[in-house]
Amino acid sequence: IVQISYGYGLFTGGLGAHYGAEDLGATVGPTSGGNTRRQIMLMRDFGVNAICCTPSYFIHMIDEAAKSGIDLRELPIRAGIFGAEPWTDEMRAKIQDETGIIAHDIYGLTEISGPGVAGSCGHSGGLHIWEDYYIVEIIDPETLQPVPEGEVGELVLTTINREAMPLLRYRTRHIGVITRKKCSCGRTLIKMTKPRGRTDDMLIIRGVNVFPSQIETVLIEQGYMANYQIVVDRVDNFDTIEVQVEMTQELFTDTVRGIAVRARELTEGLKSMLNINAKVTLLEPNSLPRSEGKAKRVIDKRKLLWNGTAHTTATSSRNDYHTYLYLFHISFFPNPSVLSVSFIKSGTITQISSGATAAYGNRLIYTALSLSLPRSALPQICAPCTLPTMRVSRVMPMATFAFCNICCAWRVVSSDVKI
């Protein structure tokens, strides 16, 4: 009996796992997500042998079962197939230790075929990709060139037998490693590591690349639950990162001194992993909202305000250059002589332009420009920062710009805009 606690509907996880289990001859319990206590009751009453859901939701089920006095070790459940969101080996160990089940990883994409592109075999060392259905590559996400086996890169997939909408060299945006070393299970299929993050959920905090999975690893290592939130903000033109995490019943203490010690230990662990300082907020058990689907881990509040319009910042870094994509717009009102510069993510010019045009009519003129800026440029004084952080100057047809690495903003040094 397989209990499917992935969401049904347009989400491919529920129906994909459902039909896969039926093809194996299993009886399916299509419980979908939500109503956790009823899910646990059905698991116990029906004698469920395996469950499919997100790892964060199963940990929530473990907590709810404990509150109800139910020990999942005493139930017939023997395996879990977890996917649809990033999770770490430490999280797998926690699930297996507290329930006695074998926690399998599953990887898939809605664009490719849904769940089942790759799966773990129970032995350590990653997930087997079904090469009779997919051609797999690893590329450098910036140069788009293939990288050698064993090196970190972006996973690219090509479908072999898909009808109606085959995909050729589809960029998954998932970061990982592939290997052809023979697995101890005996299979010879190519293997991929658990995805280490996505190229588009990577946070850039004060020039440092940060993946949520790095933070989760530190939390699990220090005994915290995998229920946390990362809050990124910009205060006085300075990027800040805060990690809000619940203390477990074992770690919780009602003394200020004890909490301060725990917070300091976690702060030091995060500093060692991320190479930046992160604020740590320790919360009482069960104070963060529980997820019954994909957990929302990151809240990014960073905004740059230019003439009252907010745009989220986004940059990408390479070894010797910072590459930025900017949207320049000339505001006709209220001040026709002001040239505004906004950050945008690569590939979203059309959406942002059309949205702003709808809001402002024909008051805005747009021009896209990509700049590669050497880090070795001589610093200049930034007026808002009052610090020598203006790294680069660029003379453009209409104005001269300088970029501040602390404000993460362009400053217009001079402007020749004529309206």
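Which strands does helix 4 (residues 89-99) lie across? I found helix 4 across strand 4 and strand 5, running at about 140 degrees to strand 5. Helices (H or I, at least four residues) and strands (E, at least two) are DSSP runs, numbered from the N terminus. Axes are lines fitted to C-alpha atoms, for helices over the stretch in contact (heavy atoms within 4.5 Å), and angles run from 0 to 180 degrees between N-to-C directions.

A word on the source: this is a predicted model, where local features need pLDDT of at least 70 and side-chain atom pairs pLDDT 80 or more, while totals for chains, interfaces and linings use all residues. Residues are numbered from 1 along each chain as its sequence is written, and side-chain values use heavy atoms, leaving out hydrogens and water.

Next I looked up the sheet. Its nine strands form an open sheet in the order 2-1-3-4-5-6-7-12-11, with mixed pairing (at least two DSSP bridges between two strands). Strand 4 and strand 5 (residues 102-109) pair in the parallel sense over four bridges, and I81 stands opposite H104 in strand 5. Helix 3 packs on the sheet, touching strand 1 (2-4), strand 3 (50-53) and strand 4.

Then I turned to rings, and my search of the whole structure gave two aromatic pairs (centres within 6.5 Å; planes under 30 degrees apart are stacked, over 60 edge-to-face, the rest tilted). F58 and F82 form a tilted pair, 5.1 Å centre to centre with 40 degrees between the planes. F58 lies in helix 3 (residues 55-67) and F82 in strand 4 (residues 79-82), so this pair ties together parts 24 residues apart in sequence.

Methods. Rings of Phe, Tyr and Trp (its six-membered ring) pair if their centres lie within 6.5 Å; planes under 30 degrees apart count as stacked, over 60 as edge-to-face and the rest as tilted.
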